[in-house]
Amino acid sequence: MGKYDVALIGAGIVGLAVAREILQRRPGASMAVIERESEVARHQTGHNSGVIHGGIYYEPGSLKAKLCVEGAARMYEYAEQHRIAHERCGKLIVAVRDDELTRFEELERRGVANGVPGLRRISAAEIRDIEPNATGIAALHAPNTGIVDYTAVSQTIRRELEDQNVDFLFNTEVQSIEQDTRCRLLVNDSVVTATQTIVCAGLWSDRLARRSGAPAEPRIVPFRGVYLRLKPTTDPVVNGMVYPVPDPALPFLGVHVTKHIDGGVMVGPTAMLVPSRDGYRLRTARARDIWDTVTWPGTWNMSRKYWRTGVNEIQMAASKRAYVRAARQYVPAITRSSIDNSFHSGVRAQAVDRRGRLVDDFEISQIGAVSHVRNAPSPAATSAFALARELVDRIERG
Ligand SMILES: Cc1cc2nc3c(=O)[nH]c(=O)nc-3n(C[C@H](O)[C@H](O)[C@H](O)COP(=O)(O)OP(=O)(O)OC[C@H]3O[C@@H](n4cnc5c(N)ncnc54)[C@H](O)[C@@H]3O)c2cc1C
């Protein structure tokens, strides 16, 4: 089917950013971007919150901490350069109870250590100056946090790559990768060969890794997140974004109120284990995905650890009232009647190890000439250009 210098699997924002980084370093390299769907950004990249994160939450020294701050700066630069709609609307993380203050201070410590631009602690009165409808006893204000349309970013990268003669092989699923003197990618009923292969397969990253000789861990367990849309109003309920203080034991940020680049305001998401890796609708179930989830010991170990959270999330998913209750703690102006009937959903690729631990940091591995992005959860869209730089640096170091 084709012979290339580089085969890039997965046309989400991470794969596209990696393809761009390689071509910047090796102009003229022949490259194929192979994608099972008919367009770019059909999965996590096109179903996320559209936030350019500031880099507050992450353990200092982690890849997330290093790459989010750098990635956000590069994402703004890219959006400005290519005139992609974006806004630096700022974000508040609001503490509403005294018992949240220890976790709040830890977030502040992390944010400062990570070099989040402009981050500062503000008082209850200052919260109302920035977000008149929000309330709390203290907040962290991150003025550099913003919003963008990641699908538009992905489409722009696609055009850039096509201008450099990259072949996009859509509707083409890579089944397995073998290596001898070259990488041999089995696709549909044919073979693509390449000197170098990079796999950025998001929700399916573990499957392709296992089929090409990489370790079985971590496994991907799909978590569905649903956002409810607020009815449009002339005076939007938030100017930017308002988030709660998250539970440090979980890699989820809690139900937040987020302005979107289309002008809408969303409340969400939930985080619920679902029976399909493309389970954007609750009724979608796939035998293969269920089998992979239930046969992985990590799923059961994780369920034992987090069953209480799971019950809360099921309640939330079943009732708009529960969403409203969560959001009203810090934006009391939101009521049941503020909620529209439409919703937006995404499925998060959550990497889980055998012991049931949720893998928090980005994970990249390399076997010979094949590199795998094994875990690229949020903020990987924000970090995409920096993650790409990191990955290509590692390839070059060998
Ligand atoms: C609900 C939700 C909200 C989020 N909010 C944010 C946010 O506000 N800000 C942020 O920075 N991050 C956010 N994230 C995280 C972010 O969206 C992801 O980290 C990022 O999109 C990952 O990009 P990716 O390219 O790795 O994966 P994906 O976008 O999932 O792309 C992977 C691609 O690989 C393709 N593929 C898989 N297997 C194969 C195969 N065998 N052959 C060919 N193609 C294959 C898939 O079809 C897919 O197109 C959010 C995620 C979710 C789910």
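Author: The cover over the buried residues of helix 3 includes strand 5 (91–95), strand 6 (120–123) and strand 7 (138–142). This description rests on a predicted model. The residues of helix 3 that lie buried are Phe 104, Leu 107, Arg 110 and Gly 111. Viewed down the axis of helix 3, its buried residues fall within an arc of 120°, so they line one face of the helix. Thr 102 and Val 112, on the other side of helix 3, are exposed.

The helix itself runs over residues 101–113, which makes 13 residues. From the first C-alpha to the last, helix 3 reaches 18 Å, close to the 18 Å expected at 1.5 Å a residue. After helix 3 comes Gly 115, with a positive phi near 75°.

Helix 2 may be read alongside this account. It comprises 19 residues, 63–81, and spans 26 Å between its first and last C-alpha, close to the expected 27 Å. Buried residues of helix 2 include Leu 63, Leu 67, Cys 68, Val 69, Met 75 and Tyr 76. Lys 64 of helix 2 is buried as well. Among the elements against which the buried residues of helix 2 pack are helix 1 (13–25), helix 5 (150–163) and helix 10 (380–397). Strands also take part in this packing, including strand 3 (51–52), strand 4 (86–87) and strand 8 (146–148). Helix 2 is followed by Arg 83, where phi is positive, near 55°.

How values were computed
Residues are numbered from 1 along each chain as its sequence is written. This is a predicted model: local features need pLDDT of at least 70, side-chain atom pairs count only at pLDDT 80 or more; totals for chains, interfaces and linings use all residues. Side-chain values use heavy atoms; hydrogens and water are left out. Helices (H or I, at least four residues) and strands (E, at least two) are DSSP runs, numbered from the N terminus. The expected span of a helix is 1.5 Å times one less than its number of residues. Buried means under 20% relative accessible area, exposed over 50%, partly exposed in between (1.4 Å probe, protein chains only). The arc is that of the directions from the helix axis to the C-beta atoms. Contact means heavy atoms within 4.5 Å.
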